[in-house]
Amino acid sequence: MQRDDQPSNSVINGLSVDVEDWFQVGAFENVLDRADWPSRDMRVEANVDGVLALFEEAGVHATFFTLGWVAERFPALMRRIAEAGHEIASHGYDHARVFTFDCAAFAEDVRKAQRILEDASGQKVIGYRAPSFSIDARNPWAFEELAEQGYAYSSSVAPIAHDHYGWPEAPRFAFRPIEGSELVEVPVTTARLGGRRVAAGGGGFFRVLPYSFSRWAIRQVNREEKRPAVFYFHPWEIDPGQPRVANAPMRSKLRHYTGLDKMAGKLRGLLSDFAWGRMDQVVAQERERAVSFPVSSALAKDLAKDLAA
């Protein structure tokens, strides 16, 4: 019997994990020195193994957008992910936001991470997610570099307004950012509420808000719009015992630590209530429906000037 919460059209939603450790998150980037990362309590391997166990229990496969920095230190973990039937994709090398790079530095970051991930996992890496969804109106030239390096898809845009990221003018669903290119961008999910776009693709929103909100939002996308949702979370989000960063701003601490103890249970509900698959599977489904949304490098420079003014 079909559950009431199960999408009636059996849409396969994109399940993704942004693989980074607790000390590599954007919320703490101004209080934890990157030079100290190697001496921190690394919990990412144990947490990813916990995620793999959750996915095995639910019988689902996902895409793991992984930092090259992590893969470099835990190559056996990359092989376990791949051998379990999941997709390995790139999250850049060390979580530097794309708008902090010029084109040449971004190209090297992408190339370096891809090489490490492929060597560690034995998989070809065709997907990319920008750290903190940091491809936006300032830097759409990043898509050109991804296409040139052979990526098939990106999931790097949050089509909302947010204090840390966002491109509210971007399409909500799959789009082609480059004329004549096969590269497809599949943004993280938003829902419509009172004429506004609201974030509904996971992360802190999933932990902080009641589960009923996420269930409603994904059901709206699946049933009313007949499109797949793109959901993400991080391995550290199922780890309530992680170290606390005492000198972080209170807002950052609230965002990072709220709901950690309930996350695994909420994930079990989500995995049970909806159909899930890897991002490359979702891209294959959405490729023909992707709309054209090209933004030239010249226009991007003008937009960047406007944003800086």
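H4 crosses H5 in a right-handed way, where right-handed means that the near helix is turned clockwise from the far one by less than a right angle, and left-handed means anticlockwise. This is a predicted model: local features need pLDDT of at least 70, side-chain atom pairs count only at pLDDT 80 or more, and totals for chains, interfaces and linings use all residues. Residues are numbered from 1 along each chain as its sequence is written, and side-chain values use heavy atoms, with hydrogens and water left out. Helices (H or I, at least four residues) and strands (E, at least two) are DSSP runs, numbered from the N terminus.

**H4 against H5**
- Helix H4 (residues 103-121) and helix H5 (residues 141-148) pack at about 40 degrees, with axes 10 Å apart; axes are lines fitted to C-alpha atoms, for helices over the stretch in contact, and angles run from 0 to 180 degrees between N-to-C directions.
- H4 and H5 are therefore oblique to each other, given that angles under 35 degrees count as roughly parallel, over 145 as roughly antiparallel, 65 to 115 as roughly perpendicular and the rest as oblique.
- On the H4 side, Cys103, Phe106, Ala107, Val110 and Arg111 meet Trp141, Ala142, Glu145 and Leu146 of H5, with contact meaning heavy atoms within 4.5 Å.
- Sorted by class, the residues of this H4 and H5 contact are seven nonpolar, no polar and two charged; Ala, Val, Leu, Ile, Met, Phe, Trp, Tyr, Cys and Pro count as nonpolar, Asp, Glu, Lys and Arg as charged, and the others, Gly among them, as polar.

**H9 and its partners**
- Helix H7 (residues 211-224) packs on helix H9 (residues 263-273) at about 25 degrees, and their axes are 11 Å apart.
- That angle makes H7 roughly parallel to H9.
- The H7 and H9 crossing is right-handed, and in it Tyr211, Arg215 and Ile218 of H7 meet Lys266, Gly269, Leu270 and Asp273 of H9.
- The contact of H7 with H9 has three nonpolar, one polar and three charged residues.
- H9 also packs with helix H1 (residues 44-58), at about 30 degrees and with axes 10 Å apart, again in a right-handed crossing.
- Here Leu54, Phe55, Glu57 and Ala58 of H1 meet Ala264, Leu267, Arg268 and Leu271 of H9.
- By class, the H1 and H9 contact has six nonpolar, no polar and two charged residues.

- Glu225 sits in the loop between H7 and strand S10 (230-233).
- Setting aside neighbours within four places in sequence, Glu225 is in contact with Arg172, Phe173, Arg192 and Gln220.
- From Glu225 to Gly122 is 103 residues in sequence and 37 Å in space, C-alpha to C-alpha.

**The largest pocket**
- The largest pocket is lined by 27 residues, and His162, Tyr165, Gly204, Tyr232 and Arg255 lie nearest its centre.
- Helix H6 (204-208) and helix H8 (250-257) are the elements giving two or more residues to that lining, and H6 gives the most, with four residues.
- The lining of the largest pocket has eleven nonpolar, ten polar and six charged residues.
- On a 1 Å grid over the protein atoms alone, a cavity is a set of points where a 1.4 Å probe fits but cannot get out, whereas a pocket is an open set with protein on both sides within 12 Å along at least five of seven lines; lining residues have an atom within 4 Å of a point.
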